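Please look over the sequence and the model before reading on.

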Amino acid sequence: MNEKEARKPGIIEKNDVRLGFLGYCKKGEYTATDSTSGAALFDEEIIKEDIRSIKNKVDFVVLSLHWGIELSEYPSPEQVEMAHRLVDAGAEVIIGHHPHVLQGIERYKRGLIFYSLGNFIFDNYAGKVVYKRMWEKRKQGIVAVIHLEKENLPTYLSCIAFLRE
Amino acid sequence: MNEEFKVVMADGEKAKEILENLNRISNVISENRLGQIFLNQGLKVSLGES
């Protein structure tokens, strides 16, 4: 999946609701290029362009973002501002991951922003060998069950999970 | 070496602790719901070296 293909949305229709999924990752070994496979590049202008391209074709736009500062329990002010701009651009749900710990959940206008869902299933053991910071917090995660109905704001239920050693 | 861990849904004091922390840093309140469904399924994860 090259860069162009990686930016294509996944569109799912269920119960007469159309969902558009877009996913991005910060530039690095996991991002696609013209000739190598990977995730779409995390770049605000690219994301906004992609949101605009599907906004009229779906009822909800869901973004998966590999972003944030590892082991920080809070999103940075820049992240919060960017999340708001992405909601203003048309995203209804933002699902963040990468920090390895839970971060906050924010309702902003029509959007629901999960800054980081935590680790849930991740090779914490390897992490523990490398470093032990925030070890207890790194065992935590949530499963967010999101309800999307036309004309209504997205809502969610949390299932709190932790890794038992 | 392979280590086996189990991802479980939190309940009781553990869930309360995690929820309190999550709600402290959020502007919407979370509840621990539906966890029993996952708990009953006994999510189990095997992790190897990486």
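## Core and strands

A161(A) touches F120(A), G141(A), I142(A), V143(A), V7(B), V8(B), M9(B) and A10(B), leaving aside residues up to four places away in sequence. Here, contact means C-beta atoms, placed from the backbone, within 7 Å. This is a predicted model: local features need pLDDT of at least 70, side-chain atom pairs count only at pLDDT 80 or more, and totals for chains, interfaces and linings use all residues. Residues are numbered from 1 along each chain as its sequence is written, while chains are lettered from A and ligands numbered from 1 in the order in which they are written.

A161(A) also belongs to the largest nonpolar core, which has 40 residues. L63(A), A91(A), I94(A) and A161(A) have the most contacts inside this core. Strand β9 (residues 155-164) of chain A gives the core its largest share, six residues. Such a core is a set of buried Ala, Val, Leu, Ile, Met, Phe, Trp, Tyr and Cys residues joined through C-beta atoms within 7 Å. Buried means 20 or more other C-beta atoms within 10 Å of a residue's own, exposed 12 or fewer, partly exposed in between.

Strand β5 (residues 93-97) of chain A is mostly covered, with four of its five residues buried. Strands are DSSP runs of E, at least two residues; they pair if DSSP finds at least two bridges between them.

| Partner of β5(A) | Sense | Bridges |
|---|---|---|
| β4(A), residues 60-66 | parallel | five |
| β7(A), residues 111-114 | parallel | three |

H66(A) has H97(A) in β5(A) as its bridge partner. I95(A) stands opposite F114(A) in β7(A).

Technical notes
Two residues are in contact if their C-beta atoms, placed from the backbone, lie within 7 Å.
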